[in-house]
Amino acid sequence: MNSDKNEIIDLLINRRSHRKYLHKNISDNIIRNIINCGRNAPFGGKPKPDCQVTEYIIIKDNDIKKELALHYEDRQFIKDAPVIIAILANKNNDAKYKEYILSSGLSIENMIISAESYGIGTCILSCFLNHENHIEDKEKNRQILNLPDNIELVALLALGYKDNREEIQDKELRTYKDTVYFNTYCG
Ligand SMILES: Cc1cc2nc3c(=O)[nH]c(=O)nc-3n(C[C@H](O)[C@H](O)[C@H](O)COP(=O)(O)O)c2cc1C
């Protein structure tokens with residue numbers, strides 16, 4: 001029994017991805033708060049604007065959502081998400097851009113956790129990053145979002161109030177002792 005738990009630890013440990021949402025609007029203030037949590041995540045470089053590579057598109061337009069789902073079966077649920085946030089990396093600030101994947105990832109996790117705090121479920125979809133077989137689809141997503149060349153599409157984050165009727169697959173993790181080492185690998 002671990003007595004050092006608290007609300008945030010419980011939220012982090014119990015969070016799951018959600019792919020079924022209620023038809024309930026998410027207010028603009030809540031979306032803004034969620035994105036501000038993302039914007040306040042750590043990012044590579046000094047804590048100054050020109051080091052902040054992550055940018056966001058808030059998508060509510062149903063036609064655009066449909067288009068973004070493309071032909072992938074495991075993506076069709078995003079059509080029913082009240083909001084999708086596209087997470088982007090601006091390559092203009094080149095040196096810092098190299099760390100974009102970490103910076104964007106931290107920003108996304110902050111948004112996921114802040115959404116959870118409102119009872120809003122999320123599911124992240126990567127945008128074929130480094131998947132050579134899907135370059136054309138990534139290009140389609142870029143066109144749909146009208147992205148200029150200096151903007152990388154990192155991921156989509158679907159958001160919506162949780163529909164408790166969703167059946168969520170049990171989660172099985174590798175064990176703590178199989179994944180955590182002391183001082184050196186296998187130490
Ligand atoms: C980089 C990345 C890409 C993902 N892409 C998809 C996706 O395309 N479609 C989807 O339904 N879920 C996607 N997910 C969600 C994972 O399926 C999910 O996080 C994982 O199975 C662990 O389950 P949990 O989030 O419920 O803990 C993605 C997650 C990550 C981190």
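Student: Why is Glu-152 called buried?

Tutor: In this predicted model, Glu-152 has a relative accessible area of 12%, and because buried means under 20%, the residue is classed as buried.

Student: What makes Lys-91 partly exposed?

Tutor: The relative accessible area of Lys-91 is 31%, and since the partly exposed class lies between the 20% limit for buried and the 50% limit for exposed, Lys-91 is called partly exposed.

Student: How do you know that Lys-91 forms a salt bridge with Glu-152?

Tutor: The closest N and O atoms of Lys-91 and Glu-152 are 3.9 Å apart, and because the criterion asks for a side-chain nitrogen of Lys or Arg within 4 Å of a carboxyl oxygen of Asp or Glu, the pair is counted as a salt bridge. The two residues belong to distant parts of the chain, with Lys-91 in the loop between strand 2 and helix 4 (94-97) and Glu-152 in strand 4, 61 residues apart.

Student: What makes the contact of Glu-152 and Lys-138 a salt bridge?

Tutor: The N to O distance between their side chains is 2.6 Å, which is within the 4 Å cut-off, and therefore the pair of Glu-152 and Lys-138 qualifies. Since Glu-152 lies in strand 4 and Lys-138 in helix 6 (residues 135-144), the pair ties together parts that are 14 residues apart in sequence; both Glu-152 and Lys-138 are buried.

Student: Why are Glu-139 and Arg-142 described as about one helical turn apart, and how does the burial of Arg-142 follow?

Tutor: Glu-139 and Arg-142 are three residues apart in helix 6, so about one helical turn separates them, and their side chains meet in a salt bridge at 3.9 Å, N to O. Arg-142 has a relative accessible area of 12%, which is under 20% and therefore buried, whereas Glu-139, with 38%, is partly exposed.

Student: What makes Lys-91, Lys-138 and Glu-152 one network?

Tutor: They are joined by salt bridges that share partners: Glu-152 pairs with Lys-91 and also with Lys-138.

Student: Turning to the sheet, how do you know that strand 2 and strand 4 are paired?

Tutor: Eight bridges join strand 2 (residues 83-90) to strand 4 (residues 151-161), and because pairing requires at least two bridges, the two strands count as partners, running antiparallel.

Student: Why do strand 1 and strand 3 stand at the edges?

Tutor: The four strands form an open sheet in the order 1-2-4-3, and strand 1 (54-59) and strand 3 (120-126) each have a single partner strand, so one side of each is left without a neighbour in the sheet.

Key:
Residues numbered from 1 in each chain as written. Predicted model: local features only at pLDDT ≥ 70, side-chain atom pairs only at ≥ 80, totals over all residues. Heavy atoms only, no water. Buried < 20%, exposed > 50% of the residue type's maximum accessible area, 1.4 Å probe, protein only.
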